[in-house]
Amino acid sequence: MTRECSLLLPRVCAALADPRKSGYDDTCLEKLLDWFHLLTKFDPSVEVLQDNPCLIEFITSVLALPEPRPSILSFTLQLGGILASSENRFQHLQQEQLLVRLFGRDGPLNSALWRDASVRSGWVNGVHNMMVHQAALQLLCNGGGMDVIFTLQGDPSLFVASAASQLLVDMLMLSVETEVTKPLSTKDCGWPACAQTIIKHIEDSLQSSSAAQIEQSLKLLTSLFGSCHATWTEALWLCVAKQVESFLTEETFQAQHVLAKLLLKMAWSPVFFNTESSFWMLVTSALAHLTPIQAGPLAVGLLKLCKCPQDVRIQALTVLLQPMDCILRATSQPLEYAGLLDESVSDPITVEGLLSSKSSCVSLLNQTLAHLEELLSWSRFPVDLPNTPLLRSLITILQFCNGFLSPASPLGSTISRILINCVRVQRSALAVLAALSNRKVCDTLLESLFDVLLAYLESPNTSPTVLKKTFQATSKWLARRQELSCSNNRRQKTEKILEDVFLVLQKRLCSPCWEIRDSSLEFLTDLIKCLRGKYRDATDEFKQSLLSSEVPKLTENLLEDPESYVRASAVTAVGHLAFITYFAPESPVIGDQYNKENIAAKLQEILSTDPEGFPRRAAISIFTEWLRQGCTGQVEETGQFVSRLIQTAEHDLDWEVRFGCLELVDAFCNGLFRQLARPDCPPVSSAATTSIHKSELLQILCRAKLFRFLFRSLCDCDKILGQKACDTLLGLSTCLCPFGNQRNLDKPVDLPAEHSIAWLQRTLRQGSLAQNFPTDGVNGVDFEDPESMMLALVTVDLIELHDELNKSSDHVEKSPQSLLEDILATVGIIEENEADCY
C-alpha cells in the first residue's frame, strides 16, 4: 500500500463509521471492496492489518453502533470476509473476536437489521469472501452458520438466495478438495463432515414435500456440475440419481425446467462422457417424458455437444422437429408430404394438445422456431436437418398466420384460428425461413415460397415488424433464386418474381408509415448488395427489372423525407443504386454525367445541411464506399472530391460523422496508393517506394487538405477519433518517410521553439486540452506544404502519441489514492472536491 493511501485510509474509515455522515455512495463502497480484494490477493500477510489498525477500529466501531446504516453494515461484513481470506489475517481477526461478532450468533444474525436484504447479502458475500481455507470452513460449520445458509437458500431476495446456493457449492468443493485423500464412494463415511452435512441437506430437500426445497437443491446441483468436473461429482450423483429420476414420472412435480438444466450441465461435464453410463438413459427418458417446451433447451444443448451419443442426438433433434411435424400432419397435404418424422419421441397427442391450446400454441411454436434458427446458424456444430419438409412446414405456418390456408383436419382448423394474424409466430417463422436460404431444398417448393412472401409483402394487414422480416427473407431467397436461374424457363419465372417484387416495393416506398418506408429502403439496399455483380447473367434480369420500375425515382425522392431514419436509409439506398445506375461499366445511364454529379451533390448537401446525425453519417459512409470501389474518377478529381468532404465533415458536431470522415481518408489513401503504385514495385507501404512516387503522393494529400484534418483529430475530445487519426498518420509516415531517414526515437529532431512544427508538437502533447490548434497563416503550420508535412511526419512522436491515446483513463480513475479521495469527497470530507466521479 502506498504511503498516500496509508494516510488517507484512516480518514476514510472514520468517515464511513460516523453515523452523522450520510453522503457516501454505494458505488464507491463497491469500488472500495474491489480495491481491498486486489490488495489482499497480492498481499496475504497479516501486516495489512498491523500496519493499518484503522481497519480493525472501523469494524469494531460499526459493530458497536446500536443501529448502523444497513449499507455500511453490509460493507463491513464483506470487508471482514475479504480480510479473513488469508489464514494469517483470519487468525488475527479471531484473536480480536471480530469474526464471531460478524458472522456468529452474536452478530447481525439476531439483530433487527437482519430483515434488510442488503445486510443478509453482505453476510453471505462476507462468508463467501473468506471461504478459501479450512479455518474459515470450520468456523462456519462449528458456529451454526450452515443452518443460516440453508435458510437463505429460500430467501425472498433472489440475489441472496442465489448467493447462498453458490456459497454451498463452493463450500462443498472446498471441503472435498482439501480433506479427501482417496476416491470417494456413496457411503457417508468417505465424505468429510462439512460435505456430509451439505449432501444430507440436498438429499433431504429432494425427498421433501416442498416444491421450493426440491427446486433449490436441483439448482444447487446444476451449479455444482456446471462448475466442478472432478471425479468425485459422479459419487455425489449416485447418491441422488434415483430420487432425481423419479421426478420424471411424478405427476405433481413442477420443476421440470430446472431438471432439464441440470441434465444439460451434467451432459457437458467430462465426468459423464462415458456412453455406457446410465446417465444417458436418464437423458433419453427426460427427452421422452418432458413436454416439448420443457425439453427444447435440453435438446438444443445436447446437439451442441460433440461427444453426445448418436442415438441421443437423433432423439434430441426429433424433439425439436415434433411441433413442425405436427403442423404438416394437421394440413390436407398429399400423403407423401405427411410430415417430417418417421416416429416421435414422445406421444404425438401431447404435442397436438399443446398446439390446440391458445395459451401454449404460440409459446411452443416460438420456442421451436427460435431453436431451429439457432441450429441453422451453427457453423461449428452443423446439424443435418430435413430441409425440404422443414421449408414446407414454414410455408404452412405462414399460410396459417395470414389465413391463406383452410385445412380439412379439425386440428389444422384449430391451429389456423389460433395463429391468424399472430405477429410473434410470423416474425419467428420468417427468421427461420431466411436462415434456411443457404441450405439445399427441393426447387419445386420455391414457387410456393415466393407466392407466400409476395402475399405478405402485398397484404395491408402485414405489420411493419413482420414486413421487415419478410423483406429480409425475400432478399435472401431472391439471391438463392438467382443462383439457380440457368434455364430459360427459370429465368422467365425469376423476371416475373422480380417484377412483382418491385411493383410491391413501389407501393411500400409511398406508405404513410415511416417504419415501412424505412424497411423498404433497407430491403432495396440488401437486394443490391446481394445481387450486384454476384451472378453475371442473373444480375441483368435484376437491373432490368429495377430500372424499368419507379423504384429509383421514389428512392431519390425519399432523400427529403420528414423522418431522419428514412432519409438515412434513402441515402444508403441511393448510394448503392449509383453502382448500377451511374458507376457500372454498362450502365443504361452511363453517359448521363448530370445525373451522376447531381446525386453526388444531393448527398453532399445532406452531409452539410441535414439537421439530424443519421443521414449525415449515412452520407459519409456512402462516400467512403464509393472511394473503396474506385467510383470517383481520376486521382485529381478524387482529391478535389475528398477535399470538399473533409472541409464539410471536420467541423460536424456528431463525432460519428467525423470518425466516418477519418475512414473516408483511409479509403482515399488506400485507393491513391493503388492507383499510383508501379507494376514493378512492391506495395507502397514498403520502404522501397521511389522518392518521386512519394513526392507525388504527398502533393496530392496536401492539396486534399488531408493533413490539417488528421492532426486536428489527434486533439479531438473524443479519444477514439484521435486513435484513428494517429493510426492513419503512422501508416502515412511509414509509407512516405524516406528509407533510412525515419525519426530515431533516441535522437529526436531538435527544432527552434518558434518553429511551426515545434508548435504543432507541443500542441499535440496537450491533446484534447489544446485551446488554439495551429492553423494556416502567420506563425501557423502550413498543412498544404509538402516539405512542412514531411518534416511533421518525421518530427512528431506519433508512436508516443499512439501509446498515450490508447492508455485507458483507468490508470488514474481506478488508482487506490484516487478511489480513497472519491470516498472522502462523497462523505464531504474534502471540501475542494465535492464531485463524485462515479
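Author: Happy to. Let us start with F659, which counts as buried because its relative accessibility is 18%, under the 20% cut-off for that class. This is a predicted model, so please read every value here as computed from it.

The ring partner of F659 is W655: the ring centres are 6.3 Å apart and the planes stand at 70°, so the two form an edge-to-face pair. Both residues sit in helix 34 (residues 655-676), and because they are 4 residues apart there, about one helical turn separates W655 from F659. W655 has a relative accessibility of 32% and so counts as partly exposed. In this pair, then, F659 is buried, while W655 is partly exposed.

The structure has 17 aromatic pairs. Another of them joins F58 and F75, whose ring centres are 5.9 Å apart and whose planes meet at 70°, so this pair too is edge-to-face. F58 and F75 are both buried.

There is also an aromatic cluster to look at, formed by F225, W237, F272, F279 and W280.

Now for the wider setting. The protein has 42 helices and 0 strands, and 53% of its 838 residues are buried. Of the contacts with a separation of 6 or more, 71% are between residues 24 or more positions apart. The protein exposes about 38,500 Å², with carbon and sulfur atoms supplying 50% of that area.

The structure holds 0 disulfides. The sulfur of C13 has its closest cysteine sulfur in C54, at 4.0 Å, which is too far for a bond, because a disulfide needs the two sulfur atoms within 2.5 Å. C13 itself is buried, with a relative accessible area of 8%. C735 is likewise in no disulfide, and the nearest cysteine sulfur, in C669, lies 8.9 Å away. At 1% relative accessibility, C735 is buried.

One last stop is a loop residue, D43, found between helix 2 (26-42) and helix 3 (47-51). Its relative accessibility of 28% makes D43 partly exposed. Leaving aside residues up to four places away in sequence, D43 touches V48 and R89. The C-alpha atoms of D43 and S86 are 9.2 Å apart, although 43 residues separate them in sequence.

Terms used
Residues numbered from 1 in each chain as written. Predicted model: local features only at pLDDT ≥ 70, side-chain atom pairs only at ≥ 80, totals over all residues. Heavy atoms only, no water. Helix = DSSP H or I, 4+ residues; strand = E, 2+ residues; numbered from the N terminus. Buried < 20%, exposed > 50% of the residue type's maximum accessible area, 1.4 Å probe, protein only. Contact = heavy atoms within 4.5 Å. Areas by Shrake-Rupley, 256 points an atom, 1.4 Å probe, with all protein chains shown as cover. Phe/Tyr/Trp six-rings, centres within 6.5 Å; stacked < 30°, edge-to-face > 60°.
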